[in-house]
Amino acid sequence: MDLFFLKLVATPILILLASLAGRRWGEAIGGWFVGLPLTSGPVAFFLALEQGAGFAAATTRGSLAGVAAEAGFCVAYGTAARFGPWPAALAAGSIAFAFGAAALAAAALPSVPLIALIISALTLSLSLLPRFETGTAALPASPRWDLPARMAVATALVLGFTELAPYVGPEWSGLLATYPVFAAVLAAFAHSQSGPAAAMRVLRGLMIGLFSFTGFFIVLGMALERLGTAVGFIAASAVALVIQGGSLWLMRRPRRLRQ
């Protein structure tokens, strides 16, 4: 299958599934779902096919560093959402991500300190995300253009990131691929339609899901060149799914205890 066509098909399907999950089980589950490497995973896979396994393996360090930048995105979005509408919050989150990504690229931390930084950033950011009163008013029905717009925006961003990769190098490719495309789309749409509390539920779910994202890229970085593209991605995906399953159990456990 042509890679461009594959990108064009896979990306909108993934954002559609995440959006439907959010509608069915709540925004937090939608955010948790997109904590999986739904953007950067396919980007890394396409890069492995287009640029080689070595190039893709080199992007994993940037992808791991990008997790900490994503934590900055979430906190900045939530802080800005206290005072302004979704465009201002999205701009604040994106600026925070850009500065965080640039700082981490310049620092070039070794693997162990980088992983420690990621875990610390995720844990701290979860505690810093603001909480909003949800209110009791019924939520408005989503307009017809909602899902197509989400799918179009996410697809355009994924195509742009993969096209930029040969020009910016592997580490920046990995960093750019971690921009939370799906979460930003879900949060912005939730914010505009249901208010900042809904956006925070998306981002809180994302933060929990990013632990599986971290596991995915740790394994992928170690396995890709040693085991090959197919086996490397299978192993990384298996680890990510195990961690993601555990995080879902933890998310749903308090609800079960209250029943």
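**View 1. The chain as a whole.** The secondary structure amounts to 11 helices and 0 strands, where helices (H or I, at least four residues) and strands (E, at least two) are DSSP runs numbered from the N terminus. Of the 259 residues in the chain, 49% are buried, a term that stands for under 20% relative accessible area, with exposed over 50% and partly exposed in between (1.4 Å probe, protein chains only). Among contacts (heavy atoms within 4.5 Å) between residues at least 6 apart in sequence, 82% join residues at least 24 apart. Residues are numbered from 1 along each chain as its sequence is written, and side-chain values use heavy atoms, with hydrogens and water left out. Because the model is predicted, local features need pLDDT of at least 70 and side-chain atom pairs count only at pLDDT 80 or more, whereas totals for chains, interfaces and linings use all residues.

**View 2. Helix α10 along its length.** Helix α10 covers residues 196-227, and its 32 residues should span 46 Å at 1.5 Å a residue, which agrees with the 44 Å between its end C-alpha atoms; the expected span is 1.5 Å times one less than the number of residues. At L220 the helix α10 bends by about 35°, the bend being the angle between axes fitted to the seven residues ending there and the seven starting there.

**View 3. Helix α6 against α10.** The axes of α6 and α10 come within 9 Å and cross at roughly 170°, where axes are lines fitted to C-alpha atoms, for helices over the stretch in contact, and angles run from 0 to 180 degrees between N-to-C directions. The two helices are therefore roughly antiparallel, since angles under 35 degrees count as roughly parallel, over 145 as roughly antiparallel, 65 to 115 as roughly perpendicular and the rest as oblique. On the α6 side the contact is made by I115, I118, I119, L122, T123, S125 and L126, and on the α10 side by R204, M207, I208, L210, F211, T214 and I218.

**View 4. Helix α3 against α10.** Helix α3 (residues 40-51) and α10 have axes that come within 11 Å and cross at roughly 20°, so that α3 is roughly parallel to α10. Their crossing is left-handed, meaning that the near helix is turned anticlockwise from the far one by less than a right angle, with clockwise giving a right-handed crossing. S40, G41 and A44 of α3 meet F213, F216, F217 and L220 of α10, and L220 is also where α10 bends.

**View 5. Helix α4 against α9.** Between helix α4 (residues 53-81) and helix α9 (residues 181-194), the axes come within 12 Å and cross at roughly 15°, and the pair is therefore roughly parallel. The crossing of α4 with α9 is right-handed, and in it F73, Y77 and A81 of α4 meet A184, A187, A188 and H191 of α9.

**View 6. Two buried residues, L114 and T11**. L114 lies in helix α6 (residues 111-128) and is buried, with a relative accessible area of 4%. Leaving aside residues up to four places away in sequence, L114 touches R61, L64, A65 and L109; the C-alpha atoms of L114 and A65 are separated by 6.9 Å, although these residues are 49 apart along the chain. T11, in helix α1 (residues 3-25), is buried at 5% relative accessibility, and its C-alpha atom is separated by 9.0 Å from that of A152, 141 residues apart along the chain.
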